Amino acid sequence: MLTQTELKRNAAAAAIEFVLPQLTPSTVLGVGTGSTVDLFIDALAPHKHRFRGAVSSSERSSARMAALGIPVFDLNEIPSMPWYVDGADEVDHELNMIKGGGGALTREKIVASVAERFLCIVDESKLVRVLGKFPLPVEVIPMAREVVARRLAALGGKPALREGYVTDNGCQILDVSGLAIDAPARFEAELNNIPGVVCCGLFAIAGADVVLMSTQQGVRQLTKNPS
Ligand SMILES: O=C(CO)[C@H](O)[C@H](O)COP(=O)(O)O
């Protein structure tokens with residue numbers, strides 16, 4: 001029986017096999033944040049001479065890549081990238097995701113928006129039928145925290161401040177439990193419209209393009225159903 005860390009390592013290894021043939025000396029990769037991505041970064045480092053470098057979604061991933069000799073670029077210098085590789089807290093069968101358990105949701109959404117495609121790497125515990133069991137992270141401007149919390153409660157959620165946590169952008173996070181998100185793109189748009197919300201951890205308006213999901217039987221590739 002593989003442990004969750006071993007499953008994450010297998011997903012990271014599968015992501016290396018997936019992106020490696022596509023790397024050229026001019027490729028800049030988008031790299032996300034989290035324990036699965038940490039394993040991806042470690043596996044990517046030995047191949048650093050095959051591509052130009054990376055744009056990262058967090059100070060944490062930037063520091064890890066820099067320590068391993070992977071050049072890290074400012075997003076302002078990079079107009080496009082072929083792939084953004086990141087983990088997720090939940091993924092549904094339509095490849096909508098909840099992200100932000102590690103607090104990097106805003107930069108993740110920004111970097112992902114610049115990439116042509118999103119490659120999501122998860123272990124099988126992250127696959128769900130309906131998103132929302134994992135509390136949805138919502139990054140808020142601190143002075144609007146209570147205003148936003150009331151709006152989230154009115155939408156049926158139970159927001160809880162992530163105590164003592166400040167994002168890389170100097171903001172706070174409300175983790176919203178009690179949601180069953182059956183129309184993820186519509187709900188994402190609704191949350192985006194609340195003044196004071198910087199970003200929500202729903203990735204549905206633009207979800208993943210490919211998911212590599214590590215299971216006890218091997219890594220499965222999920223792709224978006226053509227709509
Ligand atoms: O969204 C994220 C960080 O903001 C991560 O991708 C998500 O929390 C999954 O993390 P892990 O790979 O550690 O399970």
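Two strands pair if DSSP finds at least two bridges between them. Helices (H or I, at least four residues) and strands (E, at least two) are DSSP runs, numbered from the N terminus. Residues are numbered from 1 along each chain as its sequence is written. This is a predicted model, in which local features need pLDDT of at least 70 and side-chain atom pairs count only at pLDDT 80 or more, while totals for chains, interfaces and linings use all residues.

**Exercise 1. Find the order of the strands in the seven-stranded sheet, and name its edge strands.**

Step 1: Follow the pairing across the open sheet, and you get S3-S2-S1-S4-S7-S13-S14, with mixed pairing.
Step 2: Look for strands that pair on one side only; these edge strands are S3 and S14 (218-223).
Step 3: Zoom in on S7 (residues 115-123) and S13 (residues 210-215), which run parallel and are joined by five bridges. Here aspartate 123 stands opposite serine 214 in S13.
Step 4: Two residues are in contact if their C-beta atoms, placed from the backbone, lie within 7 Å.

**Exercise 2. Decide for glutamate 108 and proline 79: buried or exposed?**

Step 1: Recall the cut-offs: a residue is buried if 20 or more other C-beta atoms lie within 10 Å of its own, exposed if 12 or fewer, and partly exposed in between, with C-beta atoms placed from the backbone.
Step 2: Glutamate 108 has 31 other C-beta atoms within 10 Å, so this residue is buried. Glutamate 108 lies in helix H4 (residues 105-114) and touches Gly32, Thr33, Ser57, Asp86 and Lys99, not counting residues up to four places away in sequence.
Step 3: Proline 79 has 8 C-beta neighbours inside 10 Å and therefore counts as exposed. You can find proline 79 in the loop between strand S3 (72-73) and strand S4 (81-86).
Step 4: Check the record too: an unreviewed UniProt entry places the feature "active site" at Glu108. UniProt positions are given in the numbering used here, feature names are shortened, and annotations may be inferred rather than shown by experiment.

**Exercise 3. Work out why the buried residues of helix H5 line one face.**

Step 1: List the buried residues of H5 (residues 145-154): Val148, Ala149, Arg151 and Leu152.
Step 2: Seen down the axis, these residues fall within an arc of 165°, so they line one face of H5. The arc is that of the directions from the helix axis to the C-beta atoms.
Step 3: Turn to the face away from the buried side, where the exposed residues Arg150 and Ala154 sit.
Step 4: See what the buried residues pack against: strands S8 (136-140), S9 (158-161), S10 (172-177) and S11 (197-200). Just after H5, glycine 156 takes a positive phi of about 100°.

**Exercise 4. Describe how domain 1 and domain 2 are placed.**

Step 1: Divide the chain into domain 1 (4-128 + 206-223) and domain 2 (136-200); these bounds come from an automatic or database domain assignment.
Step 2: Taken over C-alpha atoms, the domain centres are separated by 24 Å.
Step 3: The contact takes 12 residues from domain 1 and 11 residues from domain 2. H4 gives four residues, the largest share of the side of domain 1 that touches domain 2.
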